[in-house]
Amino acid sequence: MLACLVFAVLAVSAGCRSIRGAGTSPTPLDGEVSVCGLATVDQIQQTVGRQIEEFAINNNSRTPNNLFFMCVINVSDDDGTGVFELEVSTTSTDSVRSVPAGSTFEDVAAAPKAEPVTLDSVPGQGAVIPDDHSHAILVWSYPDTDTVATLRRVYPSGDSPVSFTQDVADLEDLFTLIGPAAPQAADGPAQRWSMYPTDPAPTP
C-alpha cells in the first residue's frame, strides 16, 4: 500500500493514504495515463516489470528557479519493493539523509561512498549513494541549471529484499525513462498531493 512517507523526502504524512481497501486486488490503470507528466503507465510498467496500483504528485514549485516536485509511484509489492519516489528540486538534495542537509549535487558526488552514473539518454551527470539504511539513491544534476533530481525506492519493511547492485540497476532503468521529462514536469502547474486513481466518494 502507499506508505505515508515523510520527506525531507516526504512530507506527506498529513494527507497520504492508500486508495484501495485492505485485501482487495488493484484495478489495472489505463495504460495511456501519464504518470506525473513523466511517462505513461504502460511505459513505466514495462520498465519496472510490475503493475502500477496508484501514484501521487505534489508540485510546490513556484518558479523555474525554485522547484519542489515529488512523484510517488506505488507498484505491486509482494516482495516489499513497491514504492518509487522521485523528487525534483533546486540546488539542494535534502532527501539524501546520508549527507548533511543542504548538500549540493557536487557534495553528494564527492561523498566517500558515492559512485558516478552516466545515462546516455538523460542530459547531465549522476551519482548513486547509499542512504542511512544502505539503500540506493540515484541523484542527478541537469546541465546549465540548478535542478537536481533524486530517485529512490522505499521498502515497507525497512529492509531491502534485493541487493544494492540490483537496486541501483532498477533505479537506473527507471530514471532512464522518466529522467528526461522530470524538469519539465516540475515546471508544470501547482498540485497538492493529487492522487490517481482518485479517492472514491464515501458510501452514504
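Two strands are taken as paired if DSSP finds at least two bridges between them; helices (H or I, at least four residues) and strands (E, at least two) are DSSP runs, numbered from the N terminus. The structure is a predicted model, in which local features need pLDDT of at least 70 and side-chain atom pairs count only at pLDDT 80 or more, while totals for chains, interfaces and linings use all residues. Residues are numbered from 1 along each chain as its sequence is written, and side-chain values use heavy atoms, with hydrogens and water left out.

Eight strands form an open sheet in the order S6-S7-S8-S9-S5-S4-S3-S10, with antiparallel pairing. Its edge strands are S6 (115–117) and S10 (191–196), each of which pairs on one side only. From one strand to the next, the twist averages 15 degrees (axes are lines fitted to C-alpha atoms, for helices over the stretch in contact, and angles run from 0 to 180 degrees between N-to-C directions). Helix H1 packs on this sheet and touches S3, S4 and S5, its direction making about 115 degrees with that of S3; contact means heavy atoms within 4.5 Å. Helix H3 (residues 164–178) lies across S5, S6, S7, S8 and S9 (147–154), running at about 130 degrees to S9.

Strand S4 (residues 68–75) is largely enclosed by the rest of the structure, because seven of its eight residues are buried (under 20% relative accessible area, with exposed over 50% and partly exposed in between; 1.4 Å probe, protein chains only). Seven bridges join S4 to the antiparallel strand S3 (residues 52–59), with methionine 70 of S4 as the bridge partner of asparagine 58. Seven bridges also join S4 to S5 (residues 83–90), again antiparallel; here phenylalanine 69 has valine 88 in S5 as its bridge partner. Elsewhere in the sheet, S7 (residues 125–130) and S8 (residues 136–141) run antiparallel and are joined by six bridges, and glycine 126 stands opposite tryptophan 140 in S8.

One disulfide is counted, a disulfide being a pair of cysteine sulfur atoms within 2.5 Å. The bond joins cysteine 36 to cysteine 71, with an S to S distance of 2.1 Å, and is right-handed, with 75 degrees about the S-S bond. Cysteine 36 lies in the loop between strands S1 (34–35) and S2 (39–40) and cysteine 71 in S4, so the pair ties together parts that are 35 residues apart in sequence.

Glutamine 45 is located in helix H1 (residues 41–48) and counts as buried at 18% relative accessibility. Apart from neighbours within four places in sequence, glutamine 45 is in contact with Arg50, Gln51 and Ile52.
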